[in-house]
Amino acid sequence: MNPMNTTAVQLEGVSKSFGAVKAVTNLSLTVQAGEVVAVLGPNGAGKTTAISLMLGLRSPDAGSAKIFGRDPRDASARDRIGVMLQDSDVPSNLRVSEVVELIGRYYPQPLPVKTALEMADLSDKGGATCSSLSGGQKKRLCFALSVIGNPDVLFLDEPTAALDVEARRGFWEQVSGFAAKGKTIILTTHYLEEADALAQRIVVINQGSIVAQGTPAAIKARVGGKLVRFKWRGSSVDFAALPNVTRSSVTGDAVELFTSQPEAVLREVFSRNLEITDLEVKGGGLEEAFVKLTQARG
Amino acid sequence: MTTNSITAIPRASSPLATLLVQIKADLLALLRNPSSLIPTLLFPLMFWTFFGLPNARQTQDGFNVGAYILASFAMYSVIQTVLFNLTISIATERASGWYKFQRTTPARVWLLFTSKLVTVLLLALFAVSVLLIYGSITGGVSLPLGTWLSLIARVMLGVLPFAALSVMIGYLARGAQTASPIVNLVFFPMSFASGLFIPLPSLPKVVQDIAPFLPAYHGGQLARVAVGVPSAQPELTHVIWLLGFTALFLILAVWAYKRDEASNYR
């Protein structure tokens with residue numbers, strides 16, 4: 001069995017509505033074993049619904065969801081997945097190691113509790129009561145709970161929401177460590193930097209449909225955006241009308257120009273003898289690509 | 001596309017072993033929660049001390065008043081334990097997302113549910129044992145061991161409708177903040193009207209007329225028969241009423257569970 005040719009998770013033409021709200025419309029997504037895929041989109045785009053369908057927490061109105069070819073509600077499918085939900089709390093009166101051991105018991109071949117705690121950087125917190133943990137530590141505990149079953153596929157739904165920058169970077173290291181073992185990871189995020197840092201493939205979702213997908217580099221190339229940013233004070237200039245500027249924004253004295261040809265734009269700016277300060281050219285951030293992709297369909 | 005065939009992975013632990021670990025975790029969570037333990041263990045002891053003890057050594061119509069009150073309070077103790085702890089634990093876990101997380105794991109809902117039920121029944125058994133030991137020592141209520149055991153068995157039967165009722169409320173309520181007032185609203189008027197706090201003959205006629213339609217009344221009667229208090233109806237009648245209430249509340253509990261499934265997991 002070649003793991004690279006194995007389909008780990010598959011959504012086939014799934015649709016899901018909640019009352020009149022169409023959360024996901026005819027969405028198809030195949031994730032191969034060993035892939036790290038980021039599902040990216042603004043709040044309310046349908047990311048959590050898509051994950052819920054993959055997990056069998058929700059059943060699709062149309063289409064099908066499969067994990068290793070099985071109904072995600074089958075125990076044989078759940079034996080092989082680990083999950084970190086967005087809004088799950090932990091039992092406040094249990095100790096960290098007790099909760100991790102308990103969840104490990106549900107799985108056929110769990111990791112040792114000690115290993116899971118190490119992976120989540122919680123080795124010194126095993127004896128702590130869950131209610132005494134900080135927000136970041138609780139998130140790490142949820143990560144430990146998602147890996148204790150030694151799953152083949154890891155689902156992380158907005159894992160670093162509400163974490164500070166440092167905690168987020170630490171978390172990325174833990175996830176990368178797990179990915180390095182050849183595991184499949186599907187994560188949702190609205191942090192573009194996070195998708196860029198972790199994923200081999202980015203799937204951009206907006207209004208319940210996939211609007212773009214590819215490697216982080218391919219997504220960037222597709223939009224080809226650079227950001228030219230500077231400060232400037234003076235009589236009004238219609239920056240949007242400059243050649244090669246795809247989008248512009250002026251806030252007070254801060255000017256931001258999106259372009260695929262920053263050199264040409266700068267030449268134009270200098271030729272007009274505008275007195276600018278704090279010049280910056282930011283390279284192909286996903287943020288710009290993302291804004292463009294989601295606005296195109298909006 | 002190749003589809004991976006899933007071969008059954010041999011389990012590191014049997015379902016029974018998993019259930020035992022789950023029960024242990026549920027018990028620890030309950031025992032470490034003072035806001036649930038204090039009412040569960042101390043309220044029955046307090047009620048006995050204030051209302052039972054002053055009359056405990058009297059005899060009336062050939063039976064011991066202490067035993068009468070102790071049997072009533074025993075029923076009260078197990079109903080309180082089950083109703084509050086089971087309802088609030090189900091409602092809290094549903095609201096916190098913990099239940100949802102557990103449903104993404106291979107754990108089955110029946111296992112989680114069985115564990116909760118066993119846990120709360122064990123706690124009820126403990127609470128009533130503490131009350132009976134305390135009551136018999138302080139009030140000089142002495143009964144043969146067989147009678148004590150029969151009393152405990154009867155109150156555990158009498159609490160079954162309330163286990164089903166707890167599941168129903170737990171699945172209907174949105175979080176502990178909603179569950180707690182609902183349980184209080186059900187529990188105190190019903191215990192009072194069933195004659196668990198004040199003997200029925202001392203209550204207004206209208207309450208006496210309502211009582212036979214309340215599950216706690218039949219539990220109380222059954223408990224008192226065990227300690228030698230005569231009942232107007234045969235014991236079997238009380239058992240049938242209790243089983244009937246259990247069946248009714250079970251149907252409602254299943255309905256509430258399915259309602260929750262339909263709105264949150266479909």
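Predicted model: local features only at pLDDT ≥ 70, side-chain atom pairs only at ≥ 80, totals over all residues.
Trainee: How is chain A divided into domains?
Mentor: Chain A has domain 1, covering 3-221, and domain 2, covering 224-297. The C-alpha centres of these two domains of chain A lie 36 Å apart.

Trainee: Starting with the sheet that holds S1 of chain A, what is its strand order?
Mentor: The order is S2-S1-S4 in chain A, an open sheet of 3 strands with antiparallel pairing. Strand S2 (21-32) and strand S4 (62-67) of chain A each have a single partner strand, so one side of each is left without a neighbour in the sheet. From one strand to the next, the twist averages 20 degrees.

Trainee: And how many bridges join S1 and S2 of chain A?
Mentor: Strand S1 (residues 7-18) and S2 of chain A are joined by 8 bridges in the antiparallel sense. Within that pairing, Gln10(A) has Thr30(A) in S2(A) as its bridge partner.

Trainee: Which helix packs on that sheet?
Mentor: Helix H1 (residues 47-55) of chain A does, and it touches S1, S2 and S4 of chain A. The direction of H1(A) makes about 120 degrees with that of S1(A).

Trainee: What is the order of the 6 strands in the other open sheet of chain A?
Mentor: That sheet runs S5-S6-S7-S3-S8-S9 in chain A, and its pairing is mixed. Strand S5 (81-84) and strand S9 (209-214) of chain A are the edge strands, each pairing on one side only. Here the twist averages 15 degrees from one strand to the next.

Trainee: Do S5 and S6 of chain A pair in the parallel or the antiparallel sense?
Mentor: S5(A) and strand S6 (residues 153-157) of chain A pair in the parallel sense, over 4 bridges. Met84(A) stands opposite Leu156(A) in S6(A).

Trainee: Which strands of this sheet does H1(A) touch?
Mentor: H1(A) touches strand S3 (36-40), S5, S6, strand S7 (184-189) and strand S8 (201-206) of chain A. Its direction makes about 150 degrees with that of S6(A).

Trainee: How many residues lie between S11(A) and S12(A)?
Mentor: There are 2 residues between them, and the two strands form a hairpin. Gly252(A) in the turn has a positive phi of about 60 degrees.

Trainee: Switching to chain B, how do H3 and H7 pack?
Mentor: Helix H3 (residues 65-96) and helix H7 (residues 160-172) of chain B pack at an angle of about 25 degrees, with their axes 8 Å apart. They are therefore roughly parallel to each other. H3(B) passes H7(B) in a right-handed crossing.

Trainee: Which residues meet there?
Mentor: Among them are Ile79(B), Val82(B) and Leu86(B) in H3(B), and Phe162(B), Leu165(B) and Ile169(B) in H7(B). The residues of this contact divide into 12 nonpolar, 3 polar and no charged.

Trainee: Finally, how many residues of chain B are in contact with chain A?
Mentor: On the chain B side there are 31, in contact with 33 residues of chain A. Helix H1 (15-31) of chain B supplies the largest share of the chain B side, 6 residues. That side divides into 15 nonpolar, 11 polar and 5 charged residues.

Key:
Residues numbered from 1 in each chain as written. Chains lettered and ligands numbered in written order. Axes fitted to C-alpha atoms, helices over the stretch in contact; angles between N-to-C directions. Parallel < 35°, antiparallel > 145°, perpendicular 65-115°, else oblique. Left-handed = near helix turned anticlockwise from the far one by under 90°. Contact = placed C-beta atoms within 7 Å. Nonpolar A, V, L, I, M, F, W, Y, C, P; charged D, E, K, R; others polar. Domains from an automatic or database assignment. Pairing = 2+ DSSP bridges.
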